[in-house]
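Subject: Structure handover

Hi,

Here is the structure you asked for. My notes follow below it.

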Amino acid sequence: SLATLNAFRAMGVKIEQQGGEVTIFGVGLHGLRAAAAPLDLGNSGTSMRLLSGLLAGQSFAATLVGDASLSKRPMGRVIQPLSQMGAIIHSAEAGRPPLQISPVAALQGIDYLLPVASAQVKSALLLAGLYASSPTSVTEPAPTRDHTERMLAGFGYPLQRQGSRVTIQPGGRLTAGKITVPADISSATFFIVGAAISKGSHVTLCQVGVNPTRTGVIQILRQMGADIAIANEHLVGGEPVADITVRYAPLHGIDIPEAEVPLAIDEFPAIFIAAAVASGVTRLTGAEELRVKESDRIAVMAEGLQRLGVVAEATPDGMIIHGGKGFSGGKVASYGDHRIAMSFAMAALCASAAIEISDCANVATSFPGFTQLATTAGLAITEVN
């Protein structure tokens, strides 16, 4: 979020921030201007993919760059359909950043069938559709998070939804409004899993976003036997929000339904920790997307689990985990991936000795203050520089 805000500041948008409140003075669909330098999006793949769509139809050039991790991530899945719309985007080898986006007079709408369920690609195309001369439609093979559609509708922009297909018309107008951002379920997941695997735990997480396109982790953990209750459900800014209470309960292995995979794609590192504690075997298939995140999360999690004494077998599109024995202590590498680091921190709740996790600076990417909050919740966790 901070990377995105800084990018818009660089393109001439006035943004004021005080505590947890951000005020953005909109410039209209055609009010952005060229930045004086490349837009540095740090570790944020979401920022790069969504901004690729938004900037594809601008009348000025833009260059998008990122850190070492982001520079390895494939952007071809966004570049290819945007090019069909008339965008001119040049990348490094194999579609990787940096991305150089050239100005165009206008984009053309397309009717695009996503080859792989991806909310980021869908959102990039919808944002590009704001600048197209004809309607843009995106059809997804499985449900993905729909925050972009909800937000556009909340700002008064017309969208049409027919089953798995969403269409955006050109020529609409966005009207400013107030937004309350719910607590993030991806961040909440680490504490949901921690409470689910730690005997005697009873944790309530307040005001968490429970958008049905994001709650796959809750469905998967419940199928494994987790005691998870949802209360105080209501809408905040068009997004469903609730309190989530988790009590410890014995877990068992399952075959994770592939239909749940897109709804929990960012939460699987933590789910793997739960699976290692659960009795029996847990199998994940249909999750090849995990190999192109901040790290190859299938390979990295399998390596870490094995180092901690868990029988875990990486497969091309998932993992097979033989659980029930908990974790030994030891050293694991997070490879600079924030979700890997936070997941193995929760593994320490069921470990026979200390777990040391390396390369954790990027935890601040998505969860500043994680260590302090985890300590408050009862983990014995220490940062070592």
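How far is the sulfur of cysteine 350 from the closest cysteine sulfur? The answer is 19 Å, with cysteine 360 as the partner, and that is too far for a bond. A disulfide here is a pair of cysteine sulfur atoms within 2.5 Å. By this rule the count is zero disulfides.

First, the ground rules. This is a predicted model, where local features need pLDDT of at least 70 and side-chain atom pairs count only at pLDDT 80 or more, while totals for chains, interfaces and linings use all residues. Residues are numbered from 1 along each chain as its sequence is written, and side-chain values use heavy atoms, leaving out hydrogens and water.

Cysteines
Cysteine 350 is partly exposed, at 21% relative accessible area. Cysteine 206 counts as exposed because its relative accessibility is 51%. The cut-offs: buried is under 20% relative accessible area, exposed is over 50%, and partly exposed lies in between (1.4 Å probe, protein chains only).

Helix α2
Helices (H or I, at least four residues) and strands (E, at least two) are DSSP runs, numbered from the N terminus. Helix α2 covers residues 45–55. Nine of its eleven residues are buried, so the helix is largely enclosed by the rest of the structure. Among the buried ones are Met48, Arg49, Leu51, Leu54 and Leu55. The cover over the buried residues includes three helices you can look up: α1 (2–10), α3 (76–84) and α4 (119–129). It also includes strands β3 (39–40), β4 (62–65) and β6 (99–102).

Threonine 139
Threonine 139 sits in strand β8 (residues 136–139). It counts as buried because its relative accessibility is 17%. Contact means heavy atoms within 4.5 Å. Setting aside neighbours within four places in sequence, threonine 139 touches Asp111, Tyr112, Leu113, Leu114, Ser164 and Arg165.

A three-stranded sheet
Three strands make an open, antiparallel sheet in the order β14-β16-β15. Its edge strands, β14 (280–284) and β15 (311–315), each pair on one side only. On average, neighbouring strands are turned by 10° against each other, direction ignored. Strands pair if DSSP finds at least two bridges between them. β14 and β16 (residues 318–323) have five, in the antiparallel sense. Threonine 282 stands opposite isoleucine 321 in β16. Helix α8 (residues 268–277) lies across β14 and β16, at about 30° to β16. Axes are lines fitted to C-alpha atoms, for helices over the stretch in contact, and angles run from 0 to 180 degrees between N-to-C directions.

Best wishes
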